[in-house]
Amino acid sequence: MTSDNNKKSQPIATFFQNFLKCGLTGWCMEILFTAADSLRRRDMTLTGNTSLWMFPIYGSAAILSPIMHLLRKKSVWLRGLAYMGLIFSGEYLTGTLLRRHKFCPWDYGRSRWNVGRVIRLDFAPYWFGAGLLFERLLLSRDTRQEES
């Protein structure tokens, strides 16, 4: 393989690595979040759960990497709000698509803050934080040090 081919395949390999990082991190966040809910219900089994569908949904946060590079010098509030909006958009899009095929693993219809049964506006702080966590995963250590 020539060095030109290596340069071309590098972004694909980086995206795949980022996709795996985001997918696994999202799964872990969801398991911890649902286990914390069982604690709230005093279910001491602390059972957390997720769906296989969620891996590619969380993994798709890797698509946000170029946006994160553009926003990296903006305030944490602007970045968090931007990521939150993008995550809500992705959740609405994927939830609506999965729901249409009766595959959607979540249904927020019981929440008064639901939109189309597929997003919950009261989850905004969680998505704000998740976006910043994904930013930390996706931006290289060198990029983060440039900010300091």
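Predicted model: local features only at pLDDT ≥ 70, side-chain atom pairs only at ≥ 80, totals over all residues.

**Aromatic contacts and a helix**

For F123, the relative accessibility comes out at 11%, so it counts as buried, the cut-off being under 20%.

Now, a search of the whole structure turns up 9 aromatic pairs. One of them is Y108 with F123, edge-to-face, with 5.5 Å centre to centre and 75° between the planes. Y108 sits in the loop between α4 and β1, and F123 in the loop between β2 and α5, so this pair ties together parts that are 15 residues apart in sequence.

F123 has another partner, Y126: the centres are 5.7 Å apart and the planes are at 80°, so that's edge-to-face too. Y126 is partly exposed, with 47% relative accessible area.

What sits over its ring? That's the charged end of R120, 5.8 Å from the ring centre.

Elsewhere, F15, F19, W27 and F55 make up one aromatic cluster.

Okay, the helix. α4 covers residues 76–100, so to speak, 25 residues in all, and spans 36 Å from first C-alpha to last, close to the 36 Å expected at 1.5 Å a residue. Its buried residues include R79, Y83, I87, F88 and E91. And what covers the buried ones? Among others, α2, α3, β2 and α5. Just after α4, K102 takes a positive phi of about 60°.

That's my bit, happy to take questions.

Methods
Residues numbered from 1 in each chain as written. Heavy atoms only, no water. Helix = DSSP H or I, 4+ residues; strand = E, 2+ residues; numbered from the N terminus. Expected span 1.5 Å × (residues − 1). Buried < 20%, exposed > 50% of the residue type's maximum accessible area, 1.4 Å probe, protein only. Contact = heavy atoms within 4.5 Å. Phe/Tyr/Trp six-rings, centres within 6.5 Å; stacked < 30°, edge-to-face > 60°. Lys NZ or Arg CZ within 6 Å of the ring centre and 35° of its normal.
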